[in-house]
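Dear colleague,

I am passing on the structure below, and I would be glad if you could read the notes after it with the model open beside you.

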Amino acid sequence: MQPANQSTPSSDYAQSGIVKSPHWHWLVVFDVWLNNLTSGLFLVAACGELFRPADFSQLANTAYLIAWLVLLVDLLLLVLDLGDPKRFHHMLRVFKPSSPMSLGTWCLTVYSLPLTLLVVFQFIGSPPDGFHRALVIAAIPPAFGVMLYKGVLFSTSSQPGWRDARWLGSYLVSSTIMLGCIQLLLIAMFFDEPVATRLMRSAAATTILLNAITLGLLFFNLKPTLDEMQTSQGVVRVTWSVAFATSAITFVLIWQPQPFVSMITAGLLLAGTLWVRSAVVWLPHRIQS
Amino acid sequence: MTGSAPNDSQADRTNWLERILAPFQRGTPPAPRTATGFYTDTTVCIGCKACEVACKQWNQLPSDGFEWTGKSYDNTGELSATSWRHVKFVEQLVDTELPQDTAIVEPLEAGTVPDLPGRWLMMSDVCKHCATAPCEQACPTGSLLQNEFENIYLQSDICNGCSYCIAACPFGVITRATFDGHAHKCTLCYDRQRDDLTPACAKACPTESIQFGPIDELRERARERVSELQSLGINDAYLYGDEASENYSQLNSFYLLIDEPSAYGLPDNPVNPWLFMKGDYLRSGLTGFIAIAMLLIILWLEG
């Protein structure tokens, strides 16, 4: 009864993948992206309003409205992605910090409340300044949690690729702030606010650098997994090359003052971040196929 | 029908309200009972699939259809939301010619093992009911829990099909059903256990390959069996999951194997992904603080 060395491939379970992939596809790609867009825009706008109210107060109100609209779409995608969307409220049965998904759900819920009030007050009349400020401050910790949980949710799993991605959370967090800066830059340019535009240009350039560093760390985490992929290696390499090239190009373009160039830069960053999220979310599916 | 419309509408409203509120209602958790589990001795499994049939029958699981998988006689493929037991057939046949006259079989002395040109390994796979289960840690609804028998139980009336348990399980046990969108898996026949009955698969197993009972007794019995097999010259016999490793807890459904775990489609070194969660949160949080600090410095310096 010695183990045979030449086992028949057709019955070899070692050759087939052990773990099964969750049903997370395009809805989740856009969910991750929109999650980062809303939390990034809110956090950057809140920092601007709290630290430089003279330059950012008006812009912040527009930012909160956009962040709220993006959040609504994101929540809709989260519900639609469930196997049984009618049971979406079951997420609130328990508060379970050991589960990044539970923590994220509660952060999204708590974040949505002050953000909704901030938007409502824009339409029914401004609240006392202290109350407005309190709402902004109250929304910051849950918004930080919203930004934080997503990457940890993926890396705390048994899926090939994700399970090795120790820097995925850091990448998503740094790109969240970067996306927030770029969105607020566009808003500042739209309202022709020169000081805010200049500040957001510097902030965006700095966070593009930080984001390139975390992207590099994530790439090194994933490299062993990517090397094992045979069939779609070309696609994967193109994806990462494009992501790094986008970082380099946008870092140069972001300093150009022309609105048209800024629009192109923003477009590149938005498309690039969506592309990386798509590559990450589809990774286990690609490996197993 | 027209006359009953208002009542129907009221009933609909009541049902709707009940559906919203019912998941939040809590009963008293049952008192802990003796921890139970499965011990599967793969050396005596004959691949009859009685366990699969018994499981499907008792739990009223639908058929998966029939298709040739190309894997020996294993035509049910894998564990799924509708197959909570799955018998694997591992063919390990060397590329040598069989003897011409296969009808002549030399009688063996008692206690000796035939020297064959190959072998089939068979294993009845099931949820491992991990002592520290990643699926239970992942579940955001509290649908997955450790019940009073220390088995991992999935409350199908609570699950909303988020699929995080599927992503978390390192053994590929759980899947989401297409017919209701919920995850389903082995309950270790919770309903039968509550009535002091043996789970259907263990009851049906004709060779006692699947053994059910108090988990401590099973572990003791399994260790004795390993010693027995090794004394017979089967030195490859060992237990998979009876003890916690550095990266994974004990399994309350564990196995006696005679080849590498991967030969049976089991991970050689399962890792609980929750071991990395704190570090991942720390790295992410630190990055967030650095990014916001950089933003604040720019807002402050460029004033």
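The notes below go through the chain contact, the domains, a sheet, a helix and a few single residues.

This is a predicted model, in which local features need pLDDT of at least 70 and side-chain atom pairs count only at pLDDT 80 or more, whereas totals for chains, interfaces and linings use all residues. Residues are numbered from 1 along each chain as its sequence is written, while chains are lettered from A and ligands numbered from 1 in the order in which they are written.

I begin with the contact between the chains. It takes 74 residues from chain B and 65 residues from chain A, two residues being in contact if their C-beta atoms, placed from the backbone, lie within 7 Å. On the side of chain B that touches chain A, the elements that give two or more residues are strands E2 (86-93), E3 (118-125) and E6 (175-176) together with helices H3 (134-138), H4 (164-168) and H8 (277-301); here helices (H or I, at least four residues) and strands (E, at least two) are DSSP runs, numbered from the N terminus. H8(B) gives the most to this side, with 18 residues. The residues of that side of chain B divide into 40 nonpolar, 22 polar and twelve charged, where Ala, Val, Leu, Ile, Met, Phe, Trp, Tyr, Cys and Pro count as nonpolar, Asp, Glu, Lys and Arg as charged, and the others, Gly among them, as polar.

Within chain B, the domain assignment, which is automatic or from a database, gives domain 1 (31-92 + 117-271) and domain 2 (272-303). Their C-alpha centres lie 41 Å apart, and eight residues of domain 1 of chain B are in contact with four residues of domain 2 of chain B. The side of domain 1 that touches domain 2 has four nonpolar residues, four polar and no charged.

Chain B also has an open sheet of four strands in the order E8-E1-E10-E9, with mixed pairing, two strands being paired if DSSP finds at least two bridges between them. Strand E8 (210-214) and strand E9 (238-240) of chain B stand at the edges with a single partner strand each, so one side of each is left without a neighbour in the sheet. Strand E1 (residues 36-41) of chain B runs antiparallel to E8(B), and five bridges join the two; in E8(B), Gly213(B) is the bridge partner of Gly37(B).

In chain A, helix H1 (residues 26-51) has 26 residues, which at 1.5 Å a residue should span 38 Å, and its end C-alpha atoms are 37 Å apart, which agrees; the expected span is 1.5 Å times one less than the number of residues. H1(A) is mostly covered, with 21 of its 26 residues buried, where buried stands for 20 or more other C-beta atoms within 10 Å of a residue's own, exposed for 12 or fewer, and partly exposed for in between, with C-beta atoms placed from the backbone.

Finally, two residues other than glycine have a positive phi. Asp192(A), with phi of about 55 degrees, lies in the loop between helix H5 (168-190) and helix H6 (194-228) of chain A, and it counts as exposed because it has 9 C-beta neighbours inside 10 Å. Ser163(B), with phi near 80 degrees, is in the loop between strand E5 (152-154) and H4 of chain B, and is buried, with 25 other C-beta atoms within 10 Å.

With best wishes
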